[in-house]
Amino acid sequence: MKRKRAVGTTRVDGRRDDSVVCPCGSQRPYGGCCAPLHDGVATAADAVALMRSRYSAYVRGRKDYLLATWHPSTRPPGLDDAAATRWLDLQIRNHSPAGPDAATVEFVARYRVAGRGGRLHEISRFVRKEGRWYYLDGEFPHVGADGNAAPAAAGGP
Ligand SMILES: [Zn+2]
């Protein structure tokens, strides 16, 4: 795309890594959104922030972060390589705090795998332990509608 260049203005289209828009849908640069969480230099302020950062970890293939933010009581031993799943976007539908250390977050994530589109609709439970939020488990309110099995988020058998 071409734009008229105003005389004397500074270029603002510099491409730094952190100018990539974060996949979690925040519209903020990745470097100022989920990257500090993924890199362990910040922790999620609440369950929604953890949810968003886990979604963007799926997008970016950060299995280390997914496992680290999975509650030890439900954490799978490992995660399958979900490279075939292409995550498209995330919508947070609802955030219900249940006291200071527990919350549920309902979301819909759209994906494509092997050329077919799908939707993961999940109500996830999160708990806070020693100041850190963890994903505990999730329910699928509309399983069976249209191939609504979780492609990777459920962790596999
Ligand atoms: Zn983000």
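Guide: Two residues are in contact if their C-beta atoms, placed from the backbone, lie within 7 Å. Keep that cut-off in mind for this predicted model.

Visitor: Which residues does Phe126 touch?

Guide: Leaving out residues up to four places away in sequence, Phe126 touches Ala47, Leu50, Ala102, Ala103, Val105, Trp133, Tyr134, Tyr135 and Leu136. Each of these pairs counts as touching because the C-beta atoms lie within 7 Å.

Visitor: What makes a set of residues a nonpolar core, and which residues have the most contacts inside the largest one?

Guide: The members must be buried, of nonpolar types such as Ala, Leu and Phe, and joined through C-beta atoms within 7 Å. The largest such core has 29 residues. Those with the most contacts inside it are Cys34, Ala47, Leu50, Tyr55, Ala109 and Phe126. At least two residues each come from α1 (35-38), α2, α3 (63-68), β1, β2, β3 and β4. The most come from α2, which gives seven.

Visitor: Why is α2 called mostly covered?

Guide: A residue is buried if 20 or more other C-beta atoms lie within 10 Å of its own. In α2, 11 of the 14 residues are buried, so the helix is called mostly covered. Among them are Ala47, Leu50, Met51, Tyr55 and Val59.

Visitor: What do the buried residues of α2 pack against?

Guide: They pack against α1, α3, β1, β2, β3 and β4.

Visitor: How do you know that the span of α2 is close to the expected one?

Guide: Set the two values side by side. From its first C-alpha to its last, α2 reaches 20 Å. The expected span, at 1.5 Å a residue, is 20 Å. Gly61 follows α2 and has a positive phi, near 70°.

Visitor: How do you know that β3 and β4 pair?

Guide: Pairing needs at least two bridges between the strands. Strand β3 (residues 116-129) and strand β4 (residues 132-139) have seven, so they count as paired, in the antiparallel sense. Look at Val127: its bridge partner in β4 is Tyr134. Arg128 stands opposite Trp133 in β4.

Visitor: What lies between β3 and β4?

Guide: Two residues, and the strands form a hairpin. In the turn, Glu130 has a positive phi of about 50°.

Visitor: In what order do the strands form the sheet, and why is one side of β1 and of β4 left without a neighbour?

Guide: The sheet is open, in the order β1-β2-β3-β4, with antiparallel pairing. Both β1 (85-97) and β4 stand at the edges with a single partner strand each, so one side of each has no neighbour in the sheet. From one strand to the next, the twist averages 30°. Helix α2 (residues 47-60) packs on this sheet and touches β1, β2 (102-113), β3 and β4. The direction of α2 makes about 170° with that of β1.

Note on methods: Residues numbered from 1 in each chain as written. Predicted model: local features only at pLDDT ≥ 70, side-chain atom pairs only at ≥ 80, totals over all residues. Helix = DSSP H or I, 4+ residues; strand = E, 2+ residues; numbered from the N terminus. Axes fitted to C-alpha atoms, helices over the stretch in contact; angles between N-to-C directions. Buried ≥ 20, exposed ≤ 12 C-beta atoms within 10 Å, placed from the backbone. Expected span 1.5 Å × (residues − 1).
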